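User: Hi! Could you walk me through this structure?

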Amino acid sequence: MLRSVEPWKINLISVWFGCFFTGLAISQIIPFLPLYIEHLGIRGDNALSLWSGLTFSITFVVSAAVAPLWGSLADRKGRKLMLLRASFGMGVVILLQAFVTHAWQLLLLRALMGLTSGYIPNAMALVAAQVPRERSGWALSSVATGQIGGVILGPMIGGLLADWLGLRLVFIVTAALLLISFLVTLFLIKETGYTPISKQDKMSGREVFRSLDNPRLMVCLFVTTMVIQMCNGSVNPILTLFVRELAPNAQNIAFLSGFIAALPGISALISAPRLGKLGDRIGTQRILIATMITSLVLLTAMSFVTSATQLGILRFLLGFADGAMMPAVQTLLVRHSRDNVTGRIFGYNQSFMYLGNVAGPLLGAAVSAATGYRWVFFATAMVVLLNVLLLRRFYRRPKTTLTQPVSQRESAEKTTDAASKRSASAAE
């Protein structure tokens, strides 16, 4: 039965499950990470907050530094090899975290976890290279739902497992999930049509950007990725406290805030493939700008809510925009770059994503400390506004017209056709 299915569709389904298990594995540790650090001997609120922040952030900082390296290696050695490296490496590192006895050991392993990251961006690059270009928006959006689903379910499953099995056993379960991701990648994903790039033909970072039709637009899309992640993370430090301020008499603040935090992910699952498919028809850049303007309006409205119900409704609506923004950026990256540098481009984009993961909570904490919780939403909206203006500026330029990038194979075919025509003319 599988033989009758096109190879890129089998890869798409396999990558979806790989991204789902990876998102599940990474996110299910988050809810009890401070408790685990306290279990390792860190006492006092200030010390615990400091160690929790460092332990959480260091993974993204290291990942941001090494993402371009893995992207370059993916162009040379293949994306499947990078998927195997990431799933196996992260599985081993997370397994080791179950046996640490000091907080500094956990911090070191979390840094090493950042060094072994890169499954999801390489999965996106593999799908982008194999799926038909006219369906790339739908395909990348569909893959994004796997990651979103894992991230939504991860904290809930992690909390339940921590209560049932204990903190250390959750790391072992997480490592087992990453082993499943490794096996799915090893046996089901086939990388077809890939032409390895020799070390001699490898381009420098400057040459990569020179090969692009609009390098300034590409940098703008990188910044957009960072802004999207900043928007998602800026409210994390204050969400529970803001919900408590809105519902001071609620007895289940933890559950209520967790439910409100998960709402955008639920609506994103619904919207991502549909808006991705719509973008293939009407233009992905239109979907991106429209959803960013929608998020700008909703974030501004959140600063005026008077109840937790209103906040929950607005965050649910925000998820419809969230589900389309990141896949839209990734689709535009594919359409504005060539096949031989796709891995590098996705690596750079991943670096900006990780920087957004770090900058977002810092922005939220700083603004809330200076002006109050409500201003966090307004400040985030202003960041989105600046990004929308930047995007519109570049899309008004002639070079930003969406064109289908020329792959190496298409270029060779065009060269052959041109040579044939010249030969025919000479014969006549």
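User: What should I do with coordinates where pLDDT is low?

Analyst: Where pLDDT is low, the predicted coordinates should not be read in detail.

User: Okay. Which elements have the lowest and the highest mean pLDDT?

Analyst: Helix α17 (residues 408-427) has the lowest, at 43, and helix α13 (residues 284-302) has the highest, at 94. For the protein chain, the mean pLDDT is 81, with 86% of its residues reaching 70 or more.

User: New topic: where does S14 lie?

Analyst: S14 is part of helix α1, which covers residues 7-27.

User: Is S14 buried or exposed?

Analyst: S14 is buried, because its relative accessibility is 4% and the cut-off for buried is under 20%.

User: And what is S14 in contact with, leaving aside its neighbours within four places in sequence?

Analyst: Those contacts are V184, L188 and I189. There is also a polar atom of the S14 side chain 2.8 Å from the backbone oxygen of I10.

User: How many residues apart in sequence are L35 and L167?

Analyst: They are 132 residues apart in sequence, and in space their C-alpha atoms are 8.4 Å apart.

Methods: Residues are numbered from 1 along each chain as its sequence is written. This is a predicted model: local features need pLDDT of at least 70, side-chain atom pairs count only at pLDDT 80 or more; totals for chains, interfaces and linings use all residues. Side-chain values use heavy atoms; hydrogens and water are left out. Helices (H or I, at least four residues) and strands (E, at least two) are DSSP runs, numbered from the N terminus. Buried means under 20% relative accessible area, exposed over 50%, partly exposed in between (1.4 Å probe, protein chains only). A polar contact is a pair of N or O atoms within 3.5 Å; within protein, one must be able to donate a hydrogen and the other to accept it, and residues adjacent in sequence count only if both atoms are side-chain atoms. Contact means heavy atoms within 4.5 Å. pLDDT is the predictor's confidence in each residue, from 0 to 100.
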